[in-house]
Amino acid sequence: DSSNSRLVEFNQAGVFQTAVTLASSGYPEDVTVDSSGNLLAADLINHEIQVFNSSGAPVTAFGSNDLATPVGLCLDSQNNLYVADYNSGQVVVFKRN
């Protein structure tokens with residue numbers, strides 16, 4: 001639900017489960033879930049990645065100094081995050097512990 005700065009989760013039957021609102025009127029462009037169940041959202045407006053725990057509470061945000069227009073997210077088996085940055089034409093890698 002990009003227009004309302006939030007991510008909305010539905011179960012397989014289409015029943016609403018929860019909603020997570022991005023900070024600072026963000027615009028979620030892509031999401032992924034890491035091996036710990038954290039939700040990572042590419043925030044197009046704030047040029048950052050926002051992280052939420054499995055309960056939907058905000059954990060952290062990062063990348064605002066490294067990203068221009070994050071549009072795609074992918075995690076590898078070690079939870080390293082690959083971000084497609086549209087304006088720079090690059091893939092930015094964030095190594096995660």
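## Terms and basis

Two strands count as paired if DSSP finds at least two bridges between them. Strands are DSSP runs (E, at least two residues), numbered from the N terminus. The model is predicted: local features need pLDDT of at least 70 and side-chain atom pairs count only at pLDDT 80 or more, while totals for chains, interfaces and linings use all residues. Residues are numbered from 1 along each chain as its sequence is written, and side-chain values use heavy atoms, with hydrogens and water left out.

## The four-stranded sheet

Four strands form an open sheet in the order β3-β4-β5-β6, with antiparallel pairing. Its edge strands, β3 (28–33) and β6 (58–62), each pair on one side only. On average, neighbouring strands are turned by 20 degrees against each other, direction ignored (axes are lines fitted to C-alpha atoms).

Five bridges join β3 and β4 (residues 39–43) in the antiparallel sense. Within β4, L40 is the bridge partner of T32.

## The β1–β2 loop

Q12 lies in the loop between β1 (6–10) and β2 (16–21). Q12 counts as exposed because its relative accessibility is 89% (buried is under 20%, exposed over 50%, partly exposed in between; 1.4 Å probe, protein chains only). From Q12 to T32 the separation is 20 residues in sequence and 17 Å in space, C-alpha to C-alpha.

## Strand β9

V93 is placed in strand β9 (residues 90–94). With 38% relative accessibility, V93 counts as partly exposed.

Notes
Axes fitted to C-alpha atoms, helices over the stretch in contact; angles between N-to-C directions.
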